[in-house]
Amino acid sequence: MRTFFNSQSEPWLSAKKPKTRACKVYMNRDAHLNTTAPQLNFVSHTHTLQCVGDWTLSHEHTLATFFPRITRTLSTCSLKTIYLDGSQLTHLDSIGIWWLEKLLSLCKTQHIHCQLKHFSPSHTELIELLIEKLRESHAAPPSPSTSWVTQLGQTTLSLIEESLGLISFVGKVTFVFFYLLRHPHQIQWRNFFNSVQKTGFDALPITGLLSFLIGIVLAYQMGIQLRNYGANIFVVDLMGLSVLREFAPMMTAIILAGRSGSAFAAQIGTMKLNQEVDALRTLGIRPIERLVMPKLFALSLTLPLLTVWADMLGILGGMVMAKSTLNINFVYFLHRFSQVVPFKWYFIGLIKAPVFAAIIANIGCYQGLCVESNADSVGAHTTKSVVQAIFMIITFDAFFSILLSWLKI
Amino acid sequence: MSLPIIEFTHMSTRLGGTLVHEDIHFKINQGEIFAIVGGSGSGKSTLLREVLGLLQPSTGHVTVYGHDMAHITEASYRDLSKKWGVLFQTGALFSSLTVLENTFYPLREYSHLPPKALKELALSKLLMVGLPLSAAIKFPAELSGGMLKRAALARALILDPALLLLDEPTSGLDPESVSSLDELIYNLKELLNLTVVMVTHDLRTLWHIVDRLAFLGEKKLLALGTPKEVATNPHPMIHNYFHDPESIKSHHGN
Ligand SMILES: Nc1ncnc2c1ncn2[C@@H]1O[C@H](COP(=O)(O)OP(=O)(O)OP(=O)(O)O)[C@@H](O)[C@H]1O
Ligand SMILES: [Mg+2]
């Protein structure tokens with residue numbers, strides 16, 4: 001085995017190393033103590049420009065001052081040939097070479113022949129290596145710039161595209177929804193319960209607290225007005241109407257749009273970024289089925305439940321406030337509540353919740369899948385998911401109110 | 001001329017309950033091309049992360065240019081950042097910037113050069129690592145795997161660092177590109193007297209340009225020395241690494 005290897009690897013070992021063209025320069029780039037400021041001196045009688053010291057990044061400001069000065073000198077000296085002397089150059093890096101290249105092209109534009117001399121072999125090597133590339137880089141295509149007309153057009157087109165995309169996405173989701181209804185064993189129950197916990201159970205404290213506070217504020221403000229007419233007891237009717245029918249469903253939906261809709265968008269967006277969505281696709285799994293449906297189902301369950309929870313806490317807040325400012329005790333409040341608040345109001349509030357859930361889940365997941373391959377895009381689409389979801393929730397709520405009043409319900 | 005740049009002093013690392021390194025102790029000297037080799041999961045990238053101060057060893061120290069990476073101040077870390085160029089195993093380019101912007105990002109951070117200079121220097125570095133100019137205005141997601149590696153290498157080179165830390169710079173490249181990048185790294189090291197620390201799986205790179213290497217395995221430093229010395233080490237892991245029968249057979253065929 002060993003001899004076999006040796007006979008094999010000898011040609012490798014003796015293979016020529018990559019061209020060792022340079023002589024070694026012992027410039028310790030770490031010894032910052034002994035850096036010398038760069039200079040560019042014009043010695044007029046020998047027609048020589050002397051480069052002195054460190055032409056490096058740490059002296060970029062000094063290097064930048066040479067250029068205007070040397071432009072003036074060269075335009076006044078009217079020479080045909082000058083020499084660039086590098087014998088006193090200590091350190092040289094890319095920034096120094098960039099300025100050398102500027103100097104050489106300046107000479108060229110002034111029709112002066114410029115000759116390098118006394119540069120150390122390693123500096124010469126480095127200059128050759130980089131200057132060639134710097135010159136090539138001038139040929140780079142300019143970064144594309146677009147006029148505002150083009151931008152306007154592109155923005156409009158992408159808006160239309162996105163709307164159409166959302167519609168077709170909702171179509172696909174509906175399709176998969178009915179498919180899963182027929183094949184319930186394919187539902188990802190683990191993902192589903194996981195989502196129920198995250199979107200529902202974990203949201204209990206925040207939705208409860210906010211509803212309670214809103215109940216307090218509503219009861220307080222209405223109480224002040226009602227007290228003027230001595231109509232304290234009507235606070236119960238008003239609380240029932242506003243909390244059950246409007247505030248609880250809408251507040252819960254808005255909280256979940258901010259809490260869960262954004263999480264859906266960010267999670268799916270990051271998966272898209274890491275090509276995890278593509279990986280699912282190649283495994284023959286529909287991303288909608290695996291990623292979107294459990295979230296949609298979970299939210300459709302938790303949002304109505306959270307709405308009930310918000311109803312309870314909102315009314316509780318109203319009761320507390322009614323007791324302390326309007327002298328309506330709990331028993332009397334609840335007694336009147338059961339008399340004047342029809343079941344219909346509660347039901348109307350609750351029936352909106354699944355629709356809100358569908359809006360949040362669809363928009364969140366759709367925005368997540370729209371993410372392109374950069375980190376900014378995750379941020380942009382997460383923002384969009386929240387803004388669009390809240391917009392749609394309020395629009396739908398208004399539409400629903402109009403519809404109900406039209407139907408005289 | 002062999003000042004130690006990086007020193008590992010009896011260092012052990014524990015990650016998520018498992019021991020990754022145990023009693024790693026060696027030095028990397030100024031001006032050498034040093035390779036860290038070993039099987040997959042032997043902790044090579046972890047070792048680099050410790051050099052970069054992104055991860056603290058559980059016991060022992062890592063010293064870079066005399067700074068103990070566990071207790072380094074923010075200011076010294078910024079100074080160090082100017083001195084090293086880093087290539088991560090997966091490239092780690094900023095996804096929302098173009099390749100060109102990615103490349104001059106460190107230069108813009110640490111200099112006040114005019115935009116024109118930034119652009120030209122970045123482009124010349126991109127050309128140097130073998131990317132076409134047309135790639136400059138692309139976003140990282142629009143590049144091929146090999147182009148990503150090159151772009152990340154260009155970003156690592158932009159500050160003319162004294163210390164290059166490269167995690168598999170040539171994996172995913174075709175053999176010809178590997179040779180040309182090896183030559184580039186070698187030439188830069190010769191011209192600028194760089195210190196290069198690289199993780200590599202490429203035997204050709206090891207034989208051609210590497211001065212010394214450390215072989216990691218079984219959580220320990222199994223061998224340290226020139227490629228020639230390490231290749232003759234009788235330890236079965238090292239032996240198999242250098243004398244893979246399949247590759248020798250195929251080489252024999254050629
Ligand atoms: N954040 C982490 N938490 C727990 N374990 C980790 C973590 N990062 C790495 N490891 C473990 O440390 C070990 C070394 O990982 P490392 O990435 O350094 O390997 P490597 O030598 O670079 O491998 P490769 O050649 O495949 O890149 C692996 O076993 C890995 O599972
Ligand atoms: Mg690794």
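This is a predicted model: local features need pLDDT of at least 70, side-chain atom pairs count only at pLDDT 80 or more; totals for chains, interfaces and linings use all residues.
A polar contact is a pair of N or O atoms within 3.5 Å. Taken alone, ligand 1 exposes 630 Å², of which the protein buries 58%. Two further pairs involve oxygen atoms of the ligand. A polar side-chain atom of Thr46(B) is 2.5 Å from an oxygen atom of ligand 1, and a polar backbone atom of Gly43(B) is 2.9 Å from an oxygen atom of ligand 1. The ligand is surrounded by 13 residues, and the closest are Ser40(B), Lys44(B), Ser45(B), Thr46(B) and Gln89(B). Helix α1 (residues 44-51) of chain B contributes three residues, the largest share of this shell.

Chain B also contains strand β7 (residues 163-167), which is mostly covered, since five of its five residues are buried. In a regular strand the side chains alternate between the two faces of the sheet. In β7(B), both faces are covered: Leu163(B), Leu165(B) and Asp167(B) are buried on one side, and Leu164(B) and Leu166(B) are buried on the other. Strand β7(B) pairs in the parallel sense with strand β6 (residues 84-87) of chain B over four bridges, and in this pairing Leu165(B) is the bridge partner of Val86(B). Pairing with strand β8 (residues 195-199) of chain B is likewise in the parallel sense, over five bridges. Here Asp167(B) stands opposite Val199(B).

In chain A, four strands form an open sheet with the order β1-β2-β3-β4 and mixed pairing. The edge strands, each of which pairs on one side only, are β1 (39-43) and β4 (113-117) of chain A. From one strand to the next, the twist averages 20°. Strands β1(A) and β2(A) (residues 48-55) run antiparallel and are joined by five bridges; within this pair, Phe42(A) stands opposite Leu49(A). Helix α2 (residues 60-77) of chain A packs on the sheet and touches β1, β2 and β3 (81-92) of chain A. The direction of this helix makes about 15° with that of β1(A).

Backbone angles were also considered. Most residues other than glycine have a negative phi. His47(A), which is not a glycine, has a positive phi of about 55°. This residue is found in the loop between β1 and β2 of chain A. Because its relative accessible area is 30%, His47(A) is classed as partly exposed, a class that lies between the limits of 20% and 50%. A positive phi, near 50°, is also found for Asp23(B), a residue other than glycine. Asp23(B), however, is placed in strand β2 (residues 18-29) of chain B. With a relative accessibility of 44%, Asp23(B) counts as partly exposed.

Phe212(A) is found in helix α7 (residues 204-229) of chain A. Its relative accessible area is 21%, so Phe212(A) is partly exposed; a buried residue would have a value under 20%. Leaving aside residues up to four places away in sequence, Phe212(A) touches Leu313(A), Gly314(A), Leu316(A), Gly317(A) and Val320(A). Phe212(A) and Pro342(A) are 130 residues apart in sequence, and their C-alpha atoms are 21 Å apart in space.

Key:
Residues are numbered from 1 along each chain as its sequence is written. Chains are lettered from A and ligands numbered from 1 in the order in which they are written. Side-chain values use heavy atoms; hydrogens and water are left out. Two strands pair if DSSP finds at least two bridges between them. Helices (H or I, at least four residues) and strands (E, at least two) are DSSP runs, numbered from the N terminus. Axes are lines fitted to C-alpha atoms, for helices over the stretch in contact, and angles run from 0 to 180 degrees between N-to-C directions. Contact means heavy atoms within 4.5 Å. Buried means under 20% relative accessible area, exposed over 50%, partly exposed in between (1.4 Å probe, protein chains only). A residue is near a molecule or strand if one of its heavy atoms lies within 4 Å of it. A polar contact is a pair of N or O atoms within 3.5 Å; within protein, one must be able to donate a hydrogen and the other to accept it, and residues adjacent in sequence count only if both atoms are side-chain atoms. Accessible areas come from the Shrake-Rupley method with a 1.4 Å probe; for residues, only the protein chains shown count as cover.
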